[in-house]
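The sequence and structure come first.

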Amino acid sequence: MTAARLLALLTSLAMPLAAQAGGARGGDRLAGHVPPATLPALDSMVEEAARAGLPTEPLIQKALEGVAKGVAPDRLVAAVGASAARLRSARALLRSDGAARPSDPAEVMAVAAALSRGISPQQVARLSAALPGEPTGPALHAVADLVGHGFAEDSSVDLVLAGAQLGLRGLRFLDVAAAAVRELQRGGSHAAALAHVRALLPHVPVPPGPAPAAVSRARRVQPSQRP
Amino acid sequence: MTHIDPLVHRVLDGDLPAETLTAAQREQLEALQVAARTLAAGPTSSVADRVMAEVRRTPVAPPGVGTRALQWLAERHAVTISFRPAWGLALAVALAAIAIIPSRGPAPALGEQEGIAQFLGRFPGARSVEVVGSFTDWQPGAVVLRDEYHDGIWRGTIVLPVGQHEYMFVVDGERWVTDPLAGRYVDDGFGRMNALLFVRPLAP
Amino acid sequence: MNSPPVLSAAERDISDPDVVARVLDGDVDAFGILVGRYEAGLLRYATRMLRSPDAAADAVAEGLVRAYRHLRSCRDPSRLKTWLYRIVGNRCRSHLVRRSASDVPLEDAPPLLDRADTEAEVERAEQLALVERALQRLTPEQREAFVLKHVEGMSYDEMAEATGERIPTLKMRVHRARAALLDALKEYP
């Protein structure tokens, strides 16, 4: 795999769906799916995000999700507004850290996702600074995975950065987190799990791929069933 | 930490009969006994063939004549153990049984930025189980799991773009359930937790 | 892995010291009696320690081969059982240090069940998973002590031989393991 293709692959890890501001108008996607009374507010939020150069797909997704889950209209609008605010915060954070690509939609969405998973802006900044010019999504999610299992945030970032210094990138950060979580599940303390995985770096185990039988059974999501 | 009465410890250590315990103490006793019984459900497989193949490959030499003579004088008679050809046969069968299981059909042609997502949930008595998420624009009907063997275990495997996806199960068209096996979650902003899934590229 | 070999009546009746004597006399196949006699318990013990049937099989197979090679160093063949558990326990501890990817459950994918699984089997598996999760909350020493005492049914004397620890230490670990296990089981619905 060429470096360019690998970079494209890693960039896609933050959000597989199209996230460009130049995509379909939010109103077009939402009309007929959201309560009519909410459409003006939602459309306005999507348009405002598009004008600000923020990715709009997460907002459209959040609106569709809320409708599917039967959420009350005011709560729907509030949740989409919160998502928009998170995107703005993410971009502001990237800009203030001097990130190479502060407006890259994938980067903005990755940072917003990390913030929503409870990673502090300070630690997001640390990771972003340590991986200049590179997609930070996998590293951020690896940290969030560790924090979700009770590891201290700064120690989690230390571990991921230790992996980065030894050449790990992309999905391998998730493998680092998985290795530490497995060690924890085996009965070790958090400190012991971190130390153990640090000693393994960069050779943390790669999870095995799906069995051929599973691959042959796989079906595609029916495009006609998508809006 | 739960306090366990010293009497319960003594019963579990075999020093006292269980009849000496009160009802509340018996509850603790039984919980631990159930846990132990559950753990005692051991593996049904064996490493015998593997071990015997290895020891036969490099058997340890018996002691020298002098040592053997002394041992014979000291030992009582032992039952003669005849060679067990069945072990050798079992080993041959085991080796012959190692075969590549053919795939059930041609695999779907996956793009470079596509991978496989496998879903599994236990919903006995359910009439339908779907996966609804970011990859379906949160619309139902796109990813329907199947209880193929009518055992209450609903399964499905789909092709997804590489990257991050959020989803929930929807049972019987109305009950939204967070996947308990996902291991990674995010607040959906509506009071529930979405499962987070990372799909890896299938090709290295 | 195959099914465990079935021992004949004669094989079941012969004592450990007698089997050891035959093996040391050059009867390699006699070692199969010891394997058949102890592998189930050793596999069970190793599986609880390593939380992986594959890793447990490796640890037990390595331990038994090692036991064969060093059978002469077993000073008291009447206590062969605890000697074997000690060897396999050491292998388990080595495995915990150097484990491989194929031994561990994949975090990003749900566990897959075989076609033959029934609801009852899944229920049993869930119950076992619940207890195993609680067991993993113990320290490795507490977990080992609980498994040897209450799953393998060893006396404290046997446990002392198998682990090299003093009986008061083992009793403390078992008592703490019991309390910690009850705590952990309470947390799960």
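In this predicted model, A:Pro40 and A:Arg51 are exposed on the other side of helix 3 of chain A from the residues A:Leu42, A:Met45, A:Val46 and A:Ala49, which are the buried residues of that helix. Seen down the axis of helix 3 of chain A, the buried residues fall within an arc of 95°, so they line one face of the helix. An α-helix has 3.6 residues a turn, so residues three or four places apart point the same way.

Helix 3 of chain A covers residues 39–51. At 1.5 Å a residue its 13 residues should span 18 Å, and the end C-alpha atoms are 18 Å apart, so expectation and model agree. Just after helix 3 of chain A comes A:Gly53, with a positive phi of about 80°.

Further along chain A, helix 8 packs with helix 9. Two packed helices are described by the angle between their axes and the distance between the axes. The values for this pair are tabulated below.

| Item | Helix 8 of chain A and helix 9 of chain A |
|---|---|
| Residues | 137–148 and 153–165 |
| Angle between axes | about 140° |
| Distance between axes | 9 Å |
| Handedness of crossing | right-handed |

Angles over 145 degrees count as roughly antiparallel, and with an angle of about 140° helix 8 of chain A and helix 9 of chain A are therefore oblique to each other. On the helix 8 side of chain A, the residues that meet helix 9 are A:Ala139, A:Ala142, A:Val143, A:Leu146 and A:Val147. Their counterparts in helix 9 of chain A are A:Glu153, A:Ser156, A:Val157, A:Val160 and A:Ala164.

Chain C has nine helices and zero strands, and along its sequence the pattern reads α-α-α-α-α-α-α-α-α. The chain has 189 residues, of which 47% count as buried. Among its contacts between residues at least 6 apart in sequence, 70% join residues at least 24 apart.

One residue of chain C can be followed in detail. C:Leu170 lies in helix 9 of chain C, residues 167–187. It has 22 C-beta neighbours inside 10 Å and therefore counts as buried, the cut-off being 20 or more. Leaving aside neighbours within four places in sequence, C:Leu170 is in contact with C:Ala145, C:Tyr156, C:Met159, C:Ala160, C:Thr163 and C:Glu165. C:Gln142 is 28 residues away from C:Leu170 in sequence, with 8.5 Å between the two C-alpha atoms.

Notes: Residues numbered from 1 in each chain as written. Chains lettered and ligands numbered in written order. Predicted model: local features only at pLDDT ≥ 70, side-chain atom pairs only at ≥ 80, totals over all residues. Helix = DSSP H or I, 4+ residues; strand = E, 2+ residues; numbered from the N terminus. Expected span 1.5 Å × (residues − 1). Buried ≥ 20, exposed ≤ 12 C-beta atoms within 10 Å, placed from the backbone. Arc of directions from axis to C-beta. Axes fitted to C-alpha atoms, helices over the stretch in contact; angles between N-to-C directions. Parallel < 35°, antiparallel > 145°, perpendicular 65-115°, else oblique. Left-handed = near helix turned anticlockwise from the far one by under 90°. Contact = placed C-beta atoms within 7 Å.
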